[in-house]
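Hi everyone, thanks for coming.

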Amino acid sequence: MLQLSIFLENAKGRLAEVISLLAECKVNLRALSLADTKDYGVLRIIVDNPEETAVKLRERKVVVSLTPVWVLKVPDRTGGLAEVLNQLVQQDVVVEYMYAFVEKANEQALVVLRVQDKAIMEKAMQTLNLPVK
Amino acid sequence: MDRTEEQWLEGLRKTVDKVLPIRHYQENYEAIGIKRAEDIKTFKDFQRLPLTTKEDLRKNYPFGLFAEPMENIVRLHASSGTTGKPTVVGYTRQDITLWAKIVANELKRVGVTKKDVVQIAYGYGLFTGGMGLHYGCEELGAVVVPISGGNTARQLMLMRDFGATVLACTPSYALYLAESLEESQISRDELKLKIGIFGAEPWTEGMREEIEARLGIKAFDIYGLSEIMGPGVALECPAHQGLHIDEHFYPEILDEEGNPLPDGERGELVITSIKKEGFPVLRYRTKDLTTLHYGACSCGHVGWSMDRVTARVDDMLIIRGVNVFPSQVEEAILLEGFEPHYLLVVYRVGNLDQLEVQVEVNEATFFDEVRELEGRQDRLKKRIGDALGISVRIRLVEPKSIPRSEGKAIRVIDKRNKEG
């Protein structure tokens, strides 16, 4: 799956501006995470049509990139996420960052994973056959 | 034209003759025992003549250093005067003709002909840029489009519709036009542009490559300043062997104390005009830093050449005791693959000067991982730090957030004095 990554300058109201822009473009945000540094932030979002949304954002002068990520279903119980991660570690997968969200319809817990090496992750997924969204 | 020393001296004596009736020069020269032009027998004698500065022009505001009565003056130009009274210069009809011929000659050398359509996007008015190029192109017989600066969308439309083959403006405006072209409905293939004549502000080799690639043209550096004449004092040669100085100007390079430096050494450019009537100028300090070479070039030019001016004494920032030129930062930014739009902000924390370099992030330099972004930031920080010898703070900003310029770009904001 592709995640939208957006560069945001640390300026008052900038985040609200970009989120409003997404609303104008009729984009439904499924999941969101914000990494912040002193001067800027990187907004990461999961939407239904990432490519189309990227084009719209670029037209509006937003710096955006499409990043391949994995969205995994996680058993919604104690130790559920730990189980999944441990399996991935055994397959040599290195996680760069991760964030979680819940699907309302079926109360399903989901995690978005960005890994260091795409090929290793692909191989791991084949071996483990983990449930994805 | 190759001139002998005696021929150069003869020219210089004529300028001395011309300025001797002016009180400012008379008093200065009498103080060192020079009463007549004939007293200058050697270059050593000439080098004893006091330098002329922008301050001298201001003190004699507006017409005190003119060598002709006002009835013989047909045009005035003036510098912007942001730091005081403007400096005013006057031209006789003969001066205007000479200026046009000089510019026409130089344009011819880089391949501009009467068949070209020249879009002059320099400002027209008191600033010499627009009119200087204008008269030169007309003298050459080219089609002049005197559009002046600003209104970028219209610039691009007319560039296409009139089939402009040559663009003349500041390098920063050329870059802005290129950027606007990429976003416009006009494609580069619809344009006939092939040559750019860019000047009036210092720019780097990296900036030239950027402009040439984005506009698909050959870019040439034109040099001049109103106090000497205006654009056309020198123009880059097609072989890129420096900027060839026109034979109506005698250049010198001086060190910080005003001592002459040999060819090839970097210092401040000082110019004396030859044959100028209305406002002849003797040993004028340009505040531009460059080096000089004398010789014959493969393009056919014989005489003085100067390296491109990448720094002006006035642009120099002193940060923590270290001399910093914006062009050094520009070079590093381009080498690291960032956009050539930047701003230097100097401020003070406690008693310590800080330099913040703002650079725009683009799709090519943006990564979704903060670690990667910080890596790029660190590499740029290191490269600039190595070039300047001081550590700087890099701030990544959003695209188009640094103001674009339609004339001379603003590269520096110095907040130190305001904050006391």
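This is a predicted model: local features need pLDDT of at least 70, side-chain atom pairs count only at pLDDT 80 or more; totals for chains, interfaces and linings use all residues.

Residues are numbered from 1 along each chain as its sequence is written, with chains lettered from A and ligands numbered from 1 in the order in which they are written.

So, helix H7 (residues 152-161) and helix H8 (residues 171-183) of chain B pack at about 80°, axes 10 Å apart. Helices here are DSSP runs of H or I, at least four residues, and strands are E runs of at least two, numbered from the N terminus. Axes are lines fitted to C-alpha atoms, for helices over the stretch in contact, and angles run from 0 to 180 degrees between N-to-C directions.

Who touches whom? H7(B) brings Thr152(B), Gln155(B) and Leu156(B), and H8(B) brings Tyr176(B), Leu177(B), Ser180(B) and Leu181(B). Contact means C-beta atoms, placed from the backbone, within 7 Å.

Next pair: helix H10 (residues 326-335) and helix H11 (residues 370-388) of chain B pack at about 145°, axes 9 Å apart. Among the residues in that contact are Val329(B) and Ile333(B) of H10(B), plus Leu380(B) and Ile384(B) of H11(B).

Finally, the chains: 14 residues of chain A are in contact with 14 of chain B. On chain A's side, strands S1 (2-9), S3 (40-47) and S4 (64-68) each give two or more residues.

Definitions and conventions:
Two residues are in contact if their C-beta atoms, placed from the backbone, lie within 7 Å.
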